[in-house]
Amino acid sequence: MAEFVRLEVEGGVGTIRLDRPKMNALDAQVQRELIEVAREADERDDVAAVVVYGGERVFAAGADVKQMADMTYQEMVRHAHLLQDFTRALAAIGKPTISAITGFALGGGCEVALATDLRIAADNAKLGQPEILLGIIPGAGGTQRLSRLVGPSTAKELIFTGRFVDAEEALRIGLVDRVVPAADVLTEAVAWATQFVGGPALALRAAKSAIDRGLEVDLQSGLEIERVEFTGLFATDDARAGMTSFVENGPGKATFTGR
């Protein structure tokens, strides 16, 4: 059983809950537990979509600096793989994912949020990649995912300065997708995730794969990825059910089984 990360499933929505007081610092144990829980969420048939949540006070304040401070270069060569593996595991969940951000999402915490499909932030949230203030750079995907999300110039400005951005600025630059009152963050995130319960799970997985993989290649290669994903769905029960229902009853009335 994981000590600081758990998967809570209710009504088809899986909530990955970070719970390492006081600030959800992401030490090596938390990183390993996140990998395990992310893989569980991906594999479970009773999970249609995933919310990542750090609690009412804080999302995650970043990697555990105390743990890293005395690491040698040789030790970090080994540890750096784990730093990227836990955000890779979150990004690899083949279902819609959303981060419910309260309080601070800094450094590794911001990188956790970047690894989900969408981000909903409390109006009091603060986000940032302050690693430069420690004489280092983001190492869990921040230089890559942030630049792809907000553009290279904005990402460079945030990473070069290490400054925090509030929720409204984060929304303006595209770092988060919605800002709501702090008391409503989890409710809104779960509501977004709930819409996918009973949906065409294989089509959702294919759509996510086509978008994410397509962003890594040129347009023609991306179109080929889309073609393969699109064609493959014609082997599914859901595609047959969806198109048959559309022809017979109109849009939005199909019953899907996830097969």
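# Reading sheets, rings and a pocket

Tutor: Let's open with a sheet: three strands build an open sheet in the order 5-7-8, and its pairing is mixed. Strand 5 (104–106) and strand 8 (164–166) are at the edges with a single partner strand each, so one side of each has no neighbour in the sheet. From one strand to the next, the twist averages 20°.

Student: Before we go on, what kind of model is this?

Tutor: It's a predicted model, where local features need pLDDT of at least 70 and side-chain atom pairs count only at pLDDT 80 or more, while totals for chains, interfaces and linings use all residues. Residues are numbered from 1 along each chain as its sequence is written, and side-chain values use heavy atoms, with hydrogens and water left out.

Student: And when do two strands pair?

Tutor: When DSSP finds at least two bridges between them. The strands themselves are DSSP runs (E, at least two residues), and helices are runs of H or I with at least four, both numbered from the N terminus.

Student: What is the strand order in the open sheet of six strands?

Tutor: That order is 1-2-3-4-6-9, again with mixed pairing. Strand 1 and strand 9 are the edge strands, each pairing on one side only. Neighbouring strands in this sheet are turned by 20° against each other on average, with direction ignored.

Student: How do I walk across it?

Student: Is strand 6 largely enclosed or open?

Tutor: Largely enclosed by the rest of the structure, because four of its five residues (118–122) are buried. Buried means under 20% relative accessible area, exposed over 50%, and partly exposed in between (1.4 Å probe, protein chains only).

Student: Which peptide bond is cis?

Tutor: The one joining Pro-21 and Lys-22, with omega about 0°. Lys-22 sits in the loop between strand 2 and helix 1 (28–43). Asn-24 is in the loop between strand 2 and helix 1 too, and its phi is near 55°, positive although the residue isn't glycine. Asn-24 is buried, at 4% relative accessible area.

Student: How many aromatic pairs are there?

Tutor: Three. Phe-104 and Phe-164 make an edge-to-face pair, 6.2 Å centre to centre with 65° between the planes. Phe-104 is in strand 5 and Phe-164 in strand 8, so this pair ties together parts 60 residues apart in sequence. The rule: rings of Phe, Tyr and Trp (its six-membered ring) pair if their centres lie within 6.5 Å, and planes under 30 degrees apart are stacked, over 60 edge-to-face, the rest tilted. Phe-104 is partly exposed at 33% relative accessibility, as is Phe-164 with a relative accessible area of 40%.

Student: How do I find a pocket?

Tutor: Rolling a probe the size of a water molecule over the atoms shows where empty space is left. A pocket is an open set of points on a 1 Å grid over the protein atoms alone, where a 1.4 Å probe fits, with protein on both sides within 12 Å along at least five of seven lines; lining residues have an atom within 4 Å of a point. Here the largest pocket has a volume of about 850 Å³, meaning the space filled by probe spheres set on points joined across faces, edges and corners. Of its 30 lining residues, the closest to the centre are Ala-91, Arg-145, Arg-148, Asp-212 and Glu-216.

Student: Which helix gives the most to the lining?

Tutor: Helix 5, with six residues.

Methods
Axes fitted to C-alpha atoms, helices over the stretch in contact; angles between N-to-C directions.
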